[in-house]
Amino acid sequence: MSWDRDPRTLRRPARSALIAASMTAMSLTASGCVVVHGEREILPSTTRAEAAKALQEFTTAYNEADKAYDGSLDADHTTGALADIDLARLKAGKANNPGGNPNHTPLKLTDAKFTIPKKAGWPRWFLVDAAGNKGGTARWLLVFTRSGLDDPFQVAYLTLVAPGKVPEFKQDADGWAESVPADETGLAAGPQTLSQDYSTYLKNGGDTFADGSHTSQWRALREKNAKKPGMATQYIDEPLTNGDYAPLALRTKDGGALVFFTTRHYEKQTAYAGTSVPAPNKDVLALTTGEIKQSLTMEFVSNEVALDPPKGADQQVTILGRIQGMTSAEGS
């Protein structure tokens, strides 16, 4: 696919880069204070009390930012895909409602279940599975991550999943979960390659992913949109796998994994001669640079959660949830 302008020039850098650090954790034992090297020792990513505190702090900051349409108010509590999506949403909201969000309703998360893996090295991270007062009956899955002891926990992934679809996780006798390395080879699709696999699937199809609203149905919708009279619509999908966008995975009880990963998508609408691109809504316009004459190129960031079965299980990867947000656009 060839565009007049390479849409990848629209990219914005991640809001924070993961720090490649060699930190040390202090572990108290009965015999005194012992230095434990966090990059080598397999330790729980955090305590349950600290995880609950991180969730409370995130929710408070998220609500403050949403009420004021001010991305600076929760910038310390988001990273990666969620940071990109959230910042763009707040930026558009502020442009159209300088006084704040007239429809603000505080987010309330209840029945929170914490899944904390034991792992070596950074980042340390954990999963929250909670009920929310928004999104109907869907469960809210939030992945908190940090790259050093002095860093705050930030939410990198936020997805909504239908009730009953969150799998059971493998846990040890103390209730700690198991983190799956990105280069794991014992799954239907490796966590490190899942973003590329998904991008390739959206373009070419294939049998890696099970049919559903985020796979076969989304491809069908794109094909339909591409055939609309008077306008050509093109798509480009790209993997995002480094730094704040690195995939994170938890071992499930059946030997598979629940994988969180990120992708970037571009949609270019080009009107035929003598016609024009349909006028976008005010939120799109707030994030658009250039004048929309003949075409509009929109950039989206999407974070997904997938159930990745063990290799040889004769099962396909299932996308359980996906949240996508437009992060920028350019008219020409």
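How exposed is Asp111 in terms of relative accessibility? At 48% relative accessibility, Asp111 counts as partly exposed, where buried means under 20% relative accessible area, exposed means over 50%, and partly exposed lies in between (1.4 Å probe, protein chains only). The structure is a predicted model, in which local features need pLDDT of at least 70 and side-chain atom pairs count only at pLDDT 80 or more, while totals for chains, interfaces and linings use all residues. Residues are numbered from 1 along each chain as its sequence is written, and side-chain values use heavy atoms, with hydrogens and water left out.

The protein has five helices and 15 strands; helices (H or I, at least four residues) and strands (E, at least two) are DSSP runs, numbered from the N terminus. Of its 332 residues, 48% count as buried. Where contacts (heavy atoms within 4.5 Å) join residues at least 6 apart in sequence, 68% of them join residues at least 24 apart.

Strand β6 (residues 124–132) has eight of its nine residues buried, so it is largely enclosed by the rest of the structure. Two strands are taken to pair if DSSP finds at least two bridges between them. On this basis, β6 pairs with strand β4 (residues 109–115) in the antiparallel sense over five bridges, and Val128 in β6 is the bridge partner of Phe114. Strand β7 (residues 139–146) also pairs with β6 in the antiparallel sense, over eight bridges, with Ala130 opposite Trp140 in β7. The hairpin of β6 and β7 has six residues between the strands, and Gly135 takes a positive phi near 85° there. Pro123, in the loop between β5 (117–119) and β6, is joined to Trp122 by a cis peptide bond with omega of about 5°.

Strand β9 (residues 177–180) and β11 run antiparallel and are joined by two bridges; Ala249 in β11 is the bridge partner of Val180. Strand β12 (residues 257–271) runs antiparallel to β11 and is joined to it by four bridges, with Leu258 in β12 as the bridge partner of Leu250. β11 and β12 form a hairpin with five residues between them, and Gly255 in the turn has a positive phi of about 95°. Ser179, found in strand β9, is buried, with a relative accessible area of 17%. Leaving aside residues up to four places away in sequence, Ser179 touches Pro117, Lys118, Lys119, Trp125 and Ala249.

Val166 lies in the loop between β8 and β9 and counts as partly exposed at 21% relative accessibility. Residues up to four places away in sequence not being counted, Val166 touches Asp129, Leu141 and Val161. Val166 and Leu320 are 154 residues apart in sequence and 8.3 Å apart in space, C-alpha to C-alpha.

Most residues other than glycine have a negative phi, and most peptide bonds are trans. Asp111, in strand β4, has a positive phi of about 50° although it is not a glycine. Asp314, in the loop between β14 and β15, likewise has a positive phi, of about 55°, without being a glycine. Asp314 counts as exposed, at 78% relative accessibility.

The largest pocket holds about 640 Å³ of space. On a 1 Å grid over the protein atoms alone, a pocket is an open set of points where a 1.4 Å probe fits, with protein on both sides within 12 Å along at least five of seven lines, and lining residues have an atom within 4 Å of a point. Grid points are joined across faces, edges and corners, and a volume is the space filled by probe spheres set on the points. The lining comprises 32 residues, of which Arg89, Asp283, Gln324, Gly325 and Met326 lie nearest the pocket centre. Helix α2 gives the most to this lining, with seven residues. Elements that each supply at least two lining residues include α1 (48–68), α2 (80–96), β14 (295–308) and β15 (318–331). The lining divides into 19 nonpolar, eight polar and five charged residues, with Ala, Val, Leu, Ile, Met, Phe, Trp, Tyr, Cys and Pro counted as nonpolar, Asp, Glu, Lys and Arg as charged, and the others, Gly among them, as polar.
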